[in-house]
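Please keep the model in view while going through the numbered points.

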Amino acid sequence: MSLKVAIRADASVQMGSGHVMRCLTLADALRERGAEVAFISREHPGNLFSLIEASGHLLLRLPEPASAHDTRLAHAAWLGTTQTEDAQQTAAALRQFGDPDWLMVDHYAIDAEWEAILRPMVGRIMVIDDLADRLHDCDLLLDQNLLDLTGQTRYDGLLPSTAVTLMGPKYALLRPEFKALRATARIRSGVVERVLVFFGGGDPSNETAKVLLALKSLACDELAVDVVIGSANPHYPQLLELSEQFPACTLYRQVSNMAELMANADLSVGAGGGAMWERSCLGLPTIVVSVAANQQPGCEAMARQGAILYLGQSERVTTELVASALSVAVNAVGLIESIAQRSLEVADGLGTNRVVSHLLQARLALRPAEIGDCEPIYQWRNAESTRKYSQDGQAIDFEGHRSWFSQVLSDPDRQLLVGEIDGEAVGVLRFDRDSERSVISVYLVPGHYGKGIGVHLIEAGCIWVENNWPGVQTVEAIIMANNLPSVSAFSKAGFRSKSYAYEKKIRN
């Protein structure tokens with residue numbers, strides 16, 4: 001079930017690093033699940049080529065920007081050429097990589113015109129967007145912004161009727177360290193002793209300097225301050241000079257431990273966009289300035305939920321306004337504690353896993369077992385490789401199996417599902433429902449081990465339960481201690497160990 005995934009995304013001084021960074025997060029997660037990933041990216045000033053290559057993914061470079069570009073889209077100039085030219089260059093890159101199962105596009109200067117040209121070369125197209133300002137020819141769209149209820153319809157008329165949409169911070173593409181640190185994250189008291197300042201990789205309007213000047217005007221010498229900027233930040237000399245004026249200020253350039261810095265901070269000052277979901281995952285209260293038009297709706301929605309202290313668009317935010325907000329934050333313990341709690345409710349750190357599941361399950365289909373499956377399931381269940389890890393490792397007789405099979409098909413609290421890829425059976429799932437709880441059992445068809453299919457079966461099965469048994473709140477698995485492949489598969493599918501079962505045999 002190995003997938004080939006091509007990603008078309010750019011980074012530059014003008015557009016920042018966020019598009020490539022979130023695509024790298026998704027690419028790493030896909031690779032962990034056995035996918036082969038290639039980035040197709042243009043050689044803009046401020047690109048992240050070295051970071052992509054250091055991550056171990058294939059990088060297919062497009063030429064430096066040309067002078068000609070389209071004017072139809074608001075961000076057309078960001079592409080560095082026309083959509084037609086870019087699509088032709090991307091097609092040439094795809095021929096080097098091979099036909100991908102998925103082509104992912106994360107670019108404000110690309111729409112249905114470009115996507116229609118590439119569609120014959122790819123299996124499916126996924127778009128990552130948050131503008132909802134142009135048509136797309138895609139199969140899957142991800143918008144990880146927090147939106148009001150009316151925002152759920154913002155893509156109406158912009159997508160094919162068959163397109164699936166993944167909406168909200170539930171699908172935020174966060175790196176695994178955020179999920180890991182969330183599990184041990186401290187509950188913030190509202191007392192501010194350490195402040196983190198980060199406005200993205202580029203920060204062209206130099207919001208970072210506004211914050212440092214604001215802190216200087218407040219004479220907050222007792223505060224520890226961590227300032228993070230990207231390697232492409234053009235204001236580095238000024239920011240270095242400003243940071244050296246604080247007794248406990250550290251200026252970091254292009255860090256790899258952002259999650260740790262966020263976990264250690266009591267308050268953050270930063271931009272909207274992807275970093276907002278990282279901070280939310282760790283419950284970090286934040287003073288937010290939107291530095292791009294696309295960040296504004298998400299920031300406003302977060303502010304209405306009481307999950308951030310929002311100052312508005314960067315061009316209207318002055319040093320004096322930042323100073324006022326910092327003064328309030330440092331002195332209003334109850335307010336900052338409340339913001340931290342509300343923030344923690346927005347993003348849980350599992351968004352990347354959810355998106356990966358949708359991508360990988362595109363070829364996996366589940367169907368209810370039928371009478372004709374009785375004998376094949378008997379053969380699969382009786383295989384030595386299956387019995388090795390079953391609760392009862394004994395072989396079963398066919399008559400007993402046929403009676404059991406008939407009972408399962410007729411019991412409304414039991415569901416037997418067969419997983420298929422391209423019409424070929426690859427595994428079997430069984431769910432036993434007891435009020436709000438369901439117990440899952442899963443095994444693979446012999447010949448399909450070691451392909452990562454078990455994880456996808458489990459995830460697809462849980463989605464089936466969610467859609468078909470609305471009263472079920474939890475899905476539980478009982479796994480033998482020596483069944484390490486199942487332990488790994490269920491862990492990757494989001495299951496967590498709750499307790500240990502011990503057994504002593506006292507009678508043969």
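1. Does V487 count as buried, partly exposed or exposed? At 35% relative accessibility, V487 counts as partly exposed; the class "buried" means under 20% relative accessible area, "exposed" over 50%, and "partly exposed" in between (1.4 Å probe, protein chains only). V487 is placed in helix 18, residues 484-492. Helices (H or I, at least four residues) and strands (E, at least two) are DSSP runs, numbered from the N terminus.

2. On the basis of the note. This is a predicted model, in which local features need pLDDT of at least 70 and side-chain atom pairs count only at pLDDT 80 or more, while totals for chains, interfaces and linings use all residues. Residues are numbered from 1 along each chain as its sequence is written, and side-chain values use heavy atoms, with hydrogens and water left out.

3. Together, I479, L484 and V487 make a nonpolar surface patch of about 240 Å². Patches are made of residues with over 30% relative accessible area and no salt bridge, with like charges joined within 9 Å and nonpolar side chains (Val, Leu, Ile, Met, Phe, Trp, Tyr) within 5 Å. Accessible areas come from the Shrake-Rupley method with a 1.4 Å probe, and for residues only the protein chains shown count as cover.

4. On cysteines. How many disulfides does a search of the whole structure find? The search finds zero, a disulfide being a pair of cysteine sulfur atoms within 2.5 Å. C281 is in no disulfide, and the nearest cysteine sulfur, that of C299, is 18 Å away. C281 counts as buried, at 0% relative accessibility.

5. On helix 9. Seven of the eight residues of helix 9 are buried, so this helix is largely enclosed by the rest of the structure. The buried residues are A275, M276, W277, E278, R279, S280 and C281. After helix 9 comes G283, whose phi is positive, near 65 degrees.

6. On helix 10. In helix 10 (residues 296-304), the buried residues are G298, C299, A301 and M302. Seen down the helix axis, they fall within an arc of 165 degrees, so they line one face of helix 10; the arc is that of the directions from the helix axis to the C-beta atoms. These buried residues pack against helix 9 (274-281), strand 12 (286-290) and strand 13 (309-313). Just after helix 10, G306 takes a positive phi of about 70 degrees.

7. On salt bridges. Side chains of opposite charge can pair when their charged atoms come close. A salt bridge is a side-chain nitrogen of Lys or Arg within 4 Å of a carboxyl oxygen of Asp or Glu, and by this rule the count comes to 29. One network of salt bridges links R8, D10, R42 and D86.

8. On the pair D130 and R22. These residues form a salt bridge, with the closest N and O atoms 3.8 Å apart. The pair links distant parts of the chain, 108 residues apart: D130 is in the loop between strand 5 (124-128) and strand 6 (140-143), and R22 is in helix 1 (residues 18-32). D130 is buried, with a relative accessible area of 8%, and R22 is buried, with 12%.

9. On the pair R175 and E278. Here the closest N and O atoms of the salt bridge are 3.6 Å apart. R175 is in the loop between strand 7 (164-167) and helix 5 (176-182), whereas E278 is in helix 9, 103 residues apart. E278 counts as buried, at 12% relative accessibility.

10. On the pair D266 and R186. This salt bridge has its closest N and O atoms 3.0 Å apart. D266 counts as buried, at 10% relative accessibility, whereas R186 counts as partly exposed, at 38%.

11. On T208. This residue lies in helix 6 (residues 207-218) and counts as buried, at 1% relative accessibility. Not counting residues up to four places away in sequence, T208 touches V197, F199, D203, V227, I229 and L239, contact meaning heavy atoms within 4.5 Å.

12. A132 is not a glycine, although its phi is positive, about 50 degrees. A219, also a residue other than glycine, has a positive phi near 55 degrees. A132 counts as buried, at 17% relative accessibility, whereas A219 is exposed, with a relative accessible area of 51%.
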